[in-house]
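Take a walk through this chain, one region at a time. Keep the model open as you read.

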Amino acid sequence: MRPPGLGGHLWLLLPPLLLAGLSAAPQSFSPSLRSWSGAPCRLSRTESERRCLAPGQAPGSALCHGRGRCDCGVCICHVTEPGTYFGPLCECHEWVCETYDGDTCAGHGTCDCGKCKCDLGWSGDACQYPTNCNLTKKKSNQMCKNSQDIVCSNAGTCHCGRCKCDDSDGNGLVYGKFCECDDRECIDDETEEICGGHGKCYCGNCYCEAGWHGDKCEFQCDITPWESKQKCTSPDGKICSNRGTCVCGECSCHDVDPTGDWGDIHGDTCECDERDCSSVYDRYSDDFCSGHGQCNCGRCDCKAGWYGKTCEHPRSCPLSAEESFRKCQGGSALPCSGRGRCECGKCTCYPPGDRRVYGKTCECDNRHCEDLEGVVCGGHGTCSCGRCVCEQGWFGELCQHPRKCNMTEEQSKSLCESADGILCSGKGSCHCGKCICSAEEWYISGEFCDCDDRDCDKHDGLICTGNGICSCGNCECWDGWNGNACEIWLGTEYP
């Protein structure tokens, strides 16, 4: 049978190469074996169904993997959601393969039809587990520790430096490089649905749809999303001044006061930020406006005899505010190096009474000579203005490396290799079993030079506010300090 309007001689005129190409085309790529729309199929039912079966499937098995219908030898996949099923025989279910540490199939396999096909020597959903492990148990566990030093966040087991998260229910709700994400926290106790069916769960936290709120999106607002947005809009046109979350027309401000009292950020639309009343060099104290004024919605009203943005300058001082600032600034971008209070061109260093912070502009901070255990210069040197002067036979930023080594080169390198077999993550050199990270990239740190200190939080432009040590992307605060960037003082010694 031929389509209407085409003479029999026209088929004879088709180039032989084109006919050969059509006959050689793979069956799975043929859009249809009907001559034209509405025409009967030119294949027998048996042949049509055979073409809709995967190689090796027995006759009578589910056509198109049970995910579509067979139309003249071609699978038409069911589409309940975009991209749910696809492929010549509807054999694929997922577009994207599993990732590990940001790499598809962990860089040790190829993505095929939504599943990782692992290279030889690797296994796992994301090809993240090596078949043979040459790590000691101690080193393996060290690589599995999260930022709180807990192996696999107590939610999984460590396999050769990689966490295998608990999945007893087979739902994959516990995940993350260190099993730090537990989406079981999002399950509503009453409905047993994720986020009550009114939101999405990301790493154990519910993000609710418009009009819903609560830890598990269990409460519905009694006003429309548009009305809620209008009520939460601050005078500058921002939702909760970009300092809070809008819940049913009311702003929940991101309060940074650890005491739970009326905090630094407040107001109907979080428009007031009391931190604006604390100068950089007075940020450690609850004494706003340098102790010489009243803070009103982020603005200092100074007492008589004082002036300046934070009432920091006495009117009796012979220096102008600019001259005073310049004298306290020294070679730093911040007055008193961000470690003290400036009054009339003179610095008072903080913390009071701590002799580790000193200098005309508080430029010396000997706390930088201490490791996380508080040992000064590794016990092999002395600290001078925040820098270690090492004893003979030792070197390094904290005098942690011996110049003489009693290991062979092979023994040394074996201790410097990360799980992927790369020496010091390719960002440093190995000396006596320890990595020395590249000095050209100041931000690279960690046992295997696998950390980036730029990931640590900043406050006033300073990593960890200068009140802690950046440890693999997280601030380890010195005693008395708290907050993501060690910016909150919890001690009692401050005036």
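What follows moves from the annotated domains to charges, contacts and backbone angles.

This is a predicted model. Begin with the record. The unreviewed UniProt entry carries the annotation "domain: EGF-like" for residues 91–128, 143–180, 185–218, 231–271, 276–312 and 368–400. Over residues 143–180 the chain is 3% helix and 26% strand. The end C-alpha atoms of that range lie 14 Å apart. Over residues 185–218 the figures are 0% helix and 29% strand. There the end C-alpha atoms are 13 Å apart.

Now turn to charge. Which residues gather in a patch of negative charge on the surface? They are Glu98, Asp125, Asp166, Asp167 and Asp169. Find Asp166 in the loop between β10 (162–165) and β11 (174–175). Asp166 counts as partly exposed because its relative accessibility is 38%, between the 20% and 50% cut-offs.

The strand that closes this loop deserves a look too. Val174 lies in strand β11. Is Val174 buried or exposed? Its relative accessibility is 7%, so Val174 counts as buried. Val174 and Gly156 are 18 residues apart along the chain. Their C-alpha atoms are separated by 8.5 Å.

Step back to the loop between α4 (137–143) and β9 (156–159), where Ser147 sits. Ser147 counts as partly exposed, at 39% relative accessibility. Ser147 and Ser471 are 324 residues apart in sequence, yet 8.4 Å apart in space, C-alpha to C-alpha.

The loop between α4 and β9 also holds Ser153. Most residues other than glycine have a negative phi. Ser153 is partly exposed, with a relative accessible area of 22%.

Ser425 gives another case. Ser425 has a positive phi of about 55° and is not a glycine. Look for Ser425 in the loop between α7 (409–416) and β33 (428–431). At 23% relative accessibility, Ser425 counts as partly exposed.

Next come the paired charges. Side chains of opposite charge can pair when their charged atoms come close. How many salt bridges does the model hold? The count comes to 12. Among them is the bridge between Lys117 and Asp112, at 2.9 Å from N to O. Asp112 is partly exposed, with a relative accessible area of 35%. Arg299 and Asp301 form another, at 3.4 Å from N to O. Asp301 is partly exposed as well, with a relative accessible area of 32%.

Asp452 and Arg454 make a further salt bridge. Their closest N and O atoms are 2.8 Å apart. What sets the label for each partner? Asp452 has a relative accessible area of 18%, so Asp452 is buried, the cut-off being under 20%. Arg454 has a relative accessible area of 45%, so Arg454 is partly exposed. Elsewhere, salt bridges that share partners join Glu47, Arg50 and Arg51 into one network.

Cys277 is found in the loop between β20 (272–273) and β21 (293–296). Why does Cys277 count as buried? Because its relative accessibility is 0%, and buried means under 20%. Cys277 and Asp264 are 13 residues apart along the chain. Their C-alpha atoms are separated by 9.7 Å.

In the loop between β10 and β11, Asp166 belongs to the negative patch. In strand β11 itself, Val174 is buried. In the loop between α4 and β9, Ser147 is 8.4 Å from Ser471, C-alpha to C-alpha.

Note on methods
Residues are numbered from 1 along each chain as its sequence is written. This is a predicted model: local features need pLDDT of at least 70, side-chain atom pairs count only at pLDDT 80 or more; totals for chains, interfaces and linings use all residues. Side-chain values use heavy atoms; hydrogens and water are left out. Patches are made of residues with over 30% relative accessible area and no salt bridge: like charges are joined within 9 Å, nonpolar side chains (Val, Leu, Ile, Met, Phe, Trp, Tyr) within 5 Å. Accessible areas come from the Shrake-Rupley method with a 1.4 Å probe; for residues, only the protein chains shown count as cover. A salt bridge is a side-chain nitrogen of Lys or Arg within 4 Å of a carboxyl oxygen of Asp or Glu. Lys and Arg count as positive and Asp and Glu as negative; His and the chain ends are not counted. The place of a charge is taken as NZ of Lys, CZ of Arg, CG of Asp or CD of Glu. Helices (H or I, at least four residues) and strands (E, at least two) are DSSP runs, numbered from the N terminus. Buried means under 20% relative accessible area, exposed over 50%, partly exposed in between (1.4 Å probe, protein chains only). UniProt positions are given in the numbering used here, feature names are shortened, and annotations may be inferred rather than shown by experiment.
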